[in-house]
Amino acid sequence: MNIQEVLAALSLEEKAALLSGQGAWETRGVERLGVFPAVLTDGPHGVRLQDPAADSFSLEASLPATCFPTAAALGSSWDVDLLTRVGVALGVEGRAAGVGVLLGPGVNIKRSPLCGRNFEYFAEDPFLTGRLGAALVNGLQSQGVGASLKHFAANNQETDRMQVSADVDPRTLREIYLAAFEHIVTTAAPWTVMAAYNRVNGVHAAQNGWLLTDVLRREWGFDGVVVSDWGAVTDPAEAVAAGLDLEMPTTGEFSPAKLVEAVKAGRLGEAVIDESVTRLLTMLDRAARSCVRPVPDVDFGAHHDLARRAAAESAVLLKNEDAILPLDPGARTSVALIGEFARTPAFQGGGSSLINATRIDTALDAVTAAAGAHGRVSFSAGFTLSGEDDAELLGAAVTAAGEAGVAVVFLGLPEGAETEGLDRTDIDLPDVQRRLLRAVAGVNDNVVVVLANGGVVEVTTWQHHAKAILEGWLNGQAGGAAVADLLFGRANPCGRLAETIPLRLQDTPAYLNFPGNDGHVLYGERLYVGYRYYDAKALPVAYPFGHGLSYTTFAYSDLRATVAGEGENVVVRLRFTVTNAGQRAGKEVVQAYVVDIDARVDRPVRELKAFTKVELAPGQSTPVDLELRARDLSFFSPAENRWALEGGDFEVGVGASSRDLRLTTTVTVKAPPLRRPLDLEATVTEWLADATAGPLLRQALDSGHGSSFGSSAEILDMIGGFPLSRLVSMSGGRLDITNLLPLIDRGNA
Ligand code: BGC
């Protein structure tokens, strides 16, 4: 497409029309100019292409597609290659279905475990989220299907989601809520970014010029299309002026007419419309180029196998007393499978991401098959998914548990508990399930719990009933088979928590500020989200961020750190050895956390800044190399509106979780000094800290003629926080700062 020619040939009305959709899932095109519409569809863990025969907003009636593990699961894999492979598979299915843009990945931060869409998001940590999200985008787009990075930004709850203002200070926004978006935009160039429903500091995300233009386009260089979340636009002209390119879904002729009217009234420049149309045409051109490539054959069998491997890679073994897992398929132990989820798996959440799976593996079938001819496997439902008490089901399950060598109890959140549009109000498993577990534990000491949930659930009150807990998450259509692989040791657990499991909901960082009141939610915990909060307060947690066991063990040794370059060019290289010290092949997720030891601003106790997953045979060792760059050591300075690196000592810890650092070292990083410019509002302490200005101020304070201050330690303790201007006025002008005045210019420069 010759975009400039097409643009020149379009009337204002046609251009305005292009900036909103046609129907629920398509852009408009311009037939006379050969501009084809593109299809945009959900996302994020499968292709939900609506059955053309269905009503335009049906969630149920979509064409069969592979339901991969949800982001909550994939996030726990900590596996960049896996995310790329899942992205590729999504791209292949998307292309085969004629999809131009897949609406995902969702990279919002899990601020509170109550957010009903946490299952669609990767982690409580922006670094992990950014790396995994970029991998998925790269995989997807390698197949010629565009990504839609969502929901931009600070969309961390479902309550009042169309209106609520996320009130977030600028540093927290940058370091926690925008960081993953920034990484993915700048490294993976998604075709589109989806503007969220909510307001950010009072302004709707879809009409927020600071967010969409100043930050996303100018600072990060995004040149793709900004699409609205479905129905997020309140004022079409304001949205386009702010940097939005495509309003979805269609509003018929309503929005195009508003745009034309705004241009004619001089409220919106036609040049602004042209910029948006240019970006949109570029995207349509990309989609059209994909369409002329041969349509791939989808190997749904291979995708199912990938979904199974992905689910196995994502499960987190929380505890494993007496090495009760893995079960030995040859040992003729009888296994009681208990819980409706073994037969009716919970493997995805509700809402726009709902996939019509090509097939569904149940743990019941897979465990029965894995146990082989000798194995004795029984099944009892134990509870109904509706949550009502059923004494008969409970009684039968307890009898079965009493007769079996091992009871594997499948617990989780019932359908509807985690869905778009609603937040949870607690993090508890349903009562009926906890009662069942207690009763089972009363008759059998060998209890294994398998969990199915997207957001974390409380384990404190019941985990003593189980020797092992396998957190399976909402793990996609092949999750049942993956669980069997893990239970019998055909796969070795290697997922790690991407979200801390707190002892109780009341301990969570946003507890007092979620979901807000009267249209506002205050992000009062600031940077201290997830482990950053628990670690700052040294709070005990049930299982920390990064935690996950394996059927083998890993040893860490010989950490060496070298620093090359300084300031913006600094590179800290870490090298150490990881050894599989156990009897089984397995994978370790190696994590590096950083803390700025003597920072000028408050900084979290530790922050994840590098990770990798290594696979090792029993006894095998491997060197691991990780790198930290300036950004990994920096904080965002709102005063200077930039990332700032403060020179000095940083402690770096590597290990198996945020609370299991095996090796630590300190590195010294050189960087130009950071200080606020010296002006009359800078404090006495700030002036005194300056090598040139300090002695001059001290001299002035001590000078006999009239200053009543002096510079004794006691006096400086008291007046250190005073702005210099205040000292001058308090001295009745007698404090002579003539010698300091020339330094003001230098400081500001
Ligand atoms: C959701 C988006 C989704 C869109 C289209 C919205 O309700 O927030 O995540 O992509 O619908 O289904």
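How many of the ten residues of helix 7 are buried? Some notes on this and a few other places follow.

1. Ground rules. This is a predicted model, in which local features need pLDDT of at least 70 and side-chain atom pairs count only at pLDDT 80 or more, while totals for chains, interfaces and linings use all residues. Residues are numbered from 1 along each chain as its sequence is written, and side-chain values use heavy atoms, with hydrogens and water left out.

2. Helix 7. To take the opening question: eight of the ten residues in helix 7 (residues 179-188) are buried, so the helix is mostly covered. Buried here means under 20% relative accessible area, exposed means over 50%, and partly exposed is in between (1.4 Å probe, protein chains only). Helices (H or I, at least four residues) and strands (E, at least two) are DSSP runs, numbered from the N terminus. The buried set is A179, A180, F181, E182, H183, I184, V185 and A188.

3. The end of helix 7. Just after this helix comes A189, with a positive phi of about 45°, although A189 is not a glycine. You will find A189 in the loop between helix 7 and strand 5 (192-195). Its relative accessibility is 42%, which means that A189 counts as partly exposed.

4. A154 is not a glycine either, yet has a positive phi of about 55°. This residue sits in the loop between strand 3 (146-152) and strand 4 (165-167). With a relative accessible area of 2% for R117 and 3% for A154, both of these residues are buried.

5. Nonpolar cores. A nonpolar core is a set of buried Ala, Val, Leu, Ile, Met, Phe, Trp, Tyr and Cys residues joined through side-chain atoms within 4.5 Å. The largest one has 122 residues, and the members touching the most others are W78, V86, L128, F152, W230 and L608. Helix 5 (residues 126-141) gives this core its largest share, eight residues. Another core, of 72 residues, lies apart from it and includes A311, F383, L413 and A466.

6. Around L608. Which residues is L608 in contact with, leaving aside its neighbours within four places in sequence? Taking contact as heavy atoms within 4.5 Å, the list is W78, D125, F127, L128, Y531, F545, Q591, A592 and Y593.

7. Salt bridges. Side chains of opposite charge can pair when their charged atoms come close. A salt bridge is taken as a side-chain nitrogen of Lys or Arg within 4 Å of a carboxyl oxygen of Asp or Glu, and the count comes to 47. R117 and E420 form one of them, at 3.2 Å from N to O. That pair links distant parts of the chain, 303 residues apart: R117 is in the loop between strand 2 (101-103) and helix 5, and E420 is in the loop between strand 12 (406-412) and helix 15 (431-443). E420 is buried too, at 18% relative accessible area.

8. Partly exposed pairs. R642 and E640 form a salt bridge with their closest N and O atoms 3.0 Å apart; R642 is partly exposed at 34%, as is E640 at 33%. E681 and R726 pair at 3.9 Å, N to O, and each is partly exposed, with 40% for E681 and 40% for R726.

9. Pockets. On a 1 Å grid over the protein atoms alone, a pocket is an open set of points where a 1.4 Å probe fits, with protein on both sides within 12 Å along at least five of seven lines; lining residues have an atom within 4 Å of a point. A volume is the space filled by probe spheres set on the points, which are joined across faces, edges and corners. The largest pocket has about 440 Å³, and P345, A346, F347, Q348 and E415 are the closest to its centre among 21 lining residues.

10. The second largest pocket. This one holds about 320 Å³ and is lined by 19 residues, with R131, A179, H183, R631 and D632 nearest its centre. Helix 7 returns here, giving the largest share of the lining, six residues.

11. Cis peptide bonds. G104 and P105 are joined by a cis peptide bond with omega of about 5°, and the bond from F514 to P515 is cis with omega near 0°.
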